Amino acid sequence: MIEKIPFTYTNDITVINQEQFDVHMRLYEGYVTNINKIDAILQGGDAQRDQSNSTFSYYRELKRGETYALDGVILHELYFENIGGTTPEPDRSVMDQIANDFYSFEDWQEDFIATALASRGWAVLAFDQRSNRLRNISLDAHDLGNIAYSAPVLVLDMYEHAYFLEYADNKAEYINKFMANINWDVVADRMRF
Ligand SMILES: [Fe+2]
């Protein structure tokens with residue numbers, strides 16, 4: 001059973017207002033409900049495992065829903081945890097790692113913004129364990145675009161539901177506000193592998 005994390009809105013969160021936050025929180029809670037429903041079916045006796053088929057089957061749909069809902073939970077939690085920061089830049093160790101993998105912090109910022117603009121779902125700064133380096137990756141859905149062996153260290157929700165209530169179609173402003181409200185302490189914790 002997955003328990004939802006009780007996130008609360010604080011004055012340190014400047015990227016989105018309370019109304020946008022509350023709407024988004026309800027959506028996150030829906031993913032928690034759905035992964036628990038799917039897990040219950042998979043662990044119960046109603047999954048129709050004996051009918052499993054890669055073209056069409058109930059079991060296939062459960063498997064599609066399992067990773068979609070669970071990634072929906074995880075990515076939202078990573079996103080809500082890494083907003084609300086008050087410092088514009090990371091500490092020295094994170095700065096050095098980013099500069100090492102992207103030439104400079106400013107180059108990383110430019111690339112992350114471009115990645116966000118290119119994304120229909122999520123922009124993620126992830127540590128790619130195969131190449132032993134950070135990459136900005138673009139996800140078109142919770143379960144579409146991830147590197148198989150990687151650790152997300154910074155997550156930005158680029159679904160329209162994340163910003164449209166407050167920003168309408170001004171996607172660029174939402175991204176800029178996010179860049180100024182990153183909780184770099186959380187990112188630093190995630191980078192202590
Ligand atoms: Fe979202």
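Modeller: Happy to! A word on terms before we start: a helix axis here is a line fitted to C-alpha atoms over the stretch in contact, and an angle between axes runs from 0 to 180 degrees between N-to-C directions. Please keep in mind that this is a predicted model.

Now to the pairing itself. Helix α4 covers residues 105-117 and helix α6 covers residues 171-179; their axes come within 11 Å and cross at roughly 140°. Angles over 145 would count as roughly antiparallel and 65 to 115 as roughly perpendicular, so α4 and α6 are oblique to each other. The handedness of the crossing between α4 and α6 is right-handed.

Next, the wider layout. The chain is divided into domain 1, residues 18-81, and domain 2, residues 92-190. Between the C-alpha centres of the two domains there is a distance of 23 Å. Each domain brings 13 residues to their contact. On the domain 1 side, α1 (18-43) and α2 (58-81) each supply at least two of the residues that touch domain 2. It is α2 that gives the most to that side, with eight residues. The residues on this side of domain 1 comprise six nonpolar, four polar and three charged.

Note on methods
Residues are numbered from 1 along each chain as its sequence is written. This is a predicted model: local features need pLDDT of at least 70, side-chain atom pairs count only at pLDDT 80 or more; totals for chains, interfaces and linings use all residues. Helices (H or I, at least four residues) and strands (E, at least two) are DSSP runs, numbered from the N terminus. Angles under 35 degrees count as roughly parallel, over 145 as roughly antiparallel, 65 to 115 as roughly perpendicular and the rest as oblique. A crossing is left-handed if the near helix is turned anticlockwise from the far one by less than a right angle, and right-handed if clockwise. Domain bounds come from an automatic or database domain assignment. Two residues are in contact if their C-beta atoms, placed from the backbone, lie within 7 Å. Ala, Val, Leu, Ile, Met, Phe, Trp, Tyr, Cys and Pro count as nonpolar, Asp, Glu, Lys and Arg as charged, and the others, Gly among them, as polar.
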